[in-house]
Amino acid sequence: MDKVPHRKTKKVLKKPAILLGLILFALLCLGGTWLLKATQPMPEMPQDTEPLYLLARSSDEIAAVRMVHQNGQSYTLIRKAGQGFLLENEEDIPLRTDAVDALAAALGKMEAVQIAGHLHEDEMDPASFGLSPARLMISLTYQDGQTAELMIGGDVPADAAQYYCMITGDDHIYTVYADVCYPLFYEKDYLRAFDQPDLSGDLLDQIDITGDLQFSLSYTPSGWQMTHPYAYPLNPLRTNSLLSKIESMAFESCLGYPENVDMEALGLAPPALTIRLTQAPTLLSGLDENNEFLSLNLPARQYTLLIGHETGKSGVYLQWEGMIYKASNFLLGFWKELQIEDYLLATPVNILINDLNTLSVKTDARSVSYSISMVESITKNNQIATDEYGQILYDAEITRSGEKMPMNAEAFLNWYASLSGLTPSGKLPENWQPGGAPLAEITLQSQSITRSLALYPYDPFYHALSVNGVALYYVENSWLDKIMAAP
């Protein structure tokens with residue numbers, strides 16, 4: 001019997017053995033590379049390039065600078081000993097120190113970002129770079145009599161944050177960062193010094209608006225009220241927002257007096273809006289330099305603001321206290337956006353109980369009135385109650401008409417609190433007028449205002465709500481039952 005021959009087999013390396021071999025090979029390669037590098041000298045690191053200055057002189061050396069804008073506007077600043085820079089031929093006009101300093105600083109040792117090309121060598125056309133005509137032409141005269149002329153052109157396509165620029169007599173076209181150039185584009189009017197408005201919403205008593213919008217607001221201790229085109233209570237949150245915007249008003253630049261400008265071209269003759277802000281009499285008090293208390297009574301004062309055309313650059317022309325300005329719409333545009341309906345109070349029963357003197361309810365079924373007064377709260381120990389700061393606490397005392405003794409205040413307060421939720425369900429058709437007698441009337445009287453509410457039939461589901469004789473909204477008819485539930 002022949003033997004069966006054995007099959008020849010291969011030894012297979014396990015995976016860990018393969019990985020170990022690869023790692024050893026890599027280490028040998030790295031070691032060899034390191035040995036090669038150790039035997040060769042290290043290359044020198046590249047050195048920083050020298051700054052590329054367009055204007056290599058300090059701003060302190062500038063004697064005069066002339067700015068010519070692409071729109072044709074131009075002006076010249078000259079340095080006067082002890083006075084700094086002033087407008088040539090208009091030295092009596094005070095300038096904004098911050099703006100002039102920023103402009104001068106931008107001209108000191110202005111550094112280029114890179115060279116974009118050579119005019120003649122690369123056969124470049126300056127017009128292709130917005131340099132003929134230039135966006136801005138700057139002519140400098142230094143105190144030693146030397147001069148320089150800088151032209152700023154268009155945006156660099158690959159980087160909108162850079163401009164092309166040139167120096168007269170230099171064949172190169174450079175680029176410069178846009179933010180470095182920002183102060184150079186200040187217009188002449190922007191340099192004029194002026195005082196920003198300084199108003200406090202807490203001191204305003206009256207706001208009257210005429211022109212494209214007819215709107216008058218008046219302050220009372222019970223809240224702001226609209227007095228024109230009709231009497232109506234105003235929303236406290238919206239009114240406070242308007243006062244905050246008035247406090248934040250700020251102007252961009254001063255154009256001078258009305259005789260210096262074309263009032264009709266600016267939309268100020270006549271203006272789109274005329275706004276009169278009446279400030280209440282004010283008592284200023286404080287300590288003087290000798291630490292003595294002083295007080296000063298300031299009379300009521302009225303400010304006048306005229307709003308004109310848009311500037312075309314997200315701004316608006318205006319007149320404030322006899323001077324003409326430009327301002328951004330971000331800070332002044334709210335005047336043209338005012339809508340009366342946005343400010344009307346949707347919850348007319350909003351007089352605080354401690355401000356309420358009397359309340360009366362009249363329906364077909366009954367007529368009742370209440371007198372409200374605040375009396376000192378008394379503790380169980382027959383002491384006057386105070387809060388944690390020592391301030392006296394008060395309770396509401398309610399007396400119903402025809403009764404000598406106060407009624408249950410809690411029942412009245414709960415009912416009055418429920419009326420604070422009286423809100424419109426929708427707006428009545430324009431010029432809608434109620435017909436016939438009201439279904440219910442409520443009259444609220446505080447120290448400063450009297451507010452009358454009335455419900456009239458409107459449709460099977462809603463009643464019309466009249467406030468101070470003006471019917472604008474309708475409410476769910478269930479509110480009639482809530483009113484008639486007066487305790």
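Guide: The largest nonpolar core has 70 residues. Such a core is a set of buried Ala, Val, Leu, Ile, Met, Phe, Trp, Tyr and Cys residues joined through side-chain atoms within 4.5 Å. Buried means under 20% relative accessible area, exposed over 50%, and partly exposed in between, with a 1.4 Å probe and protein chains only. The residues with the most contacts inside this core are I207, I246, L277, L318, W320, W335 and L359. Its largest share, 5 residues, comes from helix 8 (residues 409-419). Helices are DSSP runs of H or I with at least four residues, strands are runs of E with at least two, and both are numbered from the N terminus. A second, separate core has 35 residues, including M67, L103, L150 and Y186. In soluble globular proteins, nonpolar side chains tend to be buried together.

A word on the model. It is predicted, so local features need pLDDT of at least 70 and side-chain atom pairs count only at pLDDT 80 or more, while totals for chains, interfaces and linings use all residues. Residues are numbered from 1 along each chain as its sequence is written, and side-chain values use heavy atoms, with hydrogens and water left out.

Now take L277. Contact means heavy atoms within 4.5 Å. Leaving aside residues up to four places away in sequence, L277 touches L199, L204, Q206, I207, I246, R301, Q302, Y303, W320 and W335. Across the protein, 59% of the contacts with a separation of 6 or more are between residues 24 or more positions apart.

The protein has 9 helices and 29 strands. Of its 487 residues, 37% count as buried. The accessible surface is about 29300 Å², and 53% of that belongs to carbon and sulfur atoms. Areas come from the Shrake-Rupley method with a 1.4 Å probe; for residues, only the protein chains shown count as cover.

M374 sits in strand 23 (residues 367-376).

Next, a hairpin. Strand 7 (residues 136-142) and strand 8 (residues 147-156) run antiparallel, joined by 6 bridges. Two strands pair if DSSP finds at least two bridges between them. T141 stands opposite T147 in strand 8. There are 4 residues between the strands, and in this hairpin G145 takes a positive phi near 95°.

Last, the backbone exceptions. Most residues other than glycine have a negative phi, and most peptide bonds are trans. K109 has a positive phi of about 50°. K109 lies in the loop between helix 2 (97-106) and strand 5 (110-111), and is partly exposed at 47% relative accessibility. N468 also has a positive phi, near 55°. Its loop runs between strand 28 (462-467) and strand 29 (470-476). The bond from H228 to P229 is cis, with omega near 10°. P229 is in the loop between strand 13 (225-228) and strand 14 (232-233). A269 and P270 are also joined by a cis peptide bond, with omega about 0°. P270 lies in the loop between strand 15 (253-256) and strand 16 (273-279).
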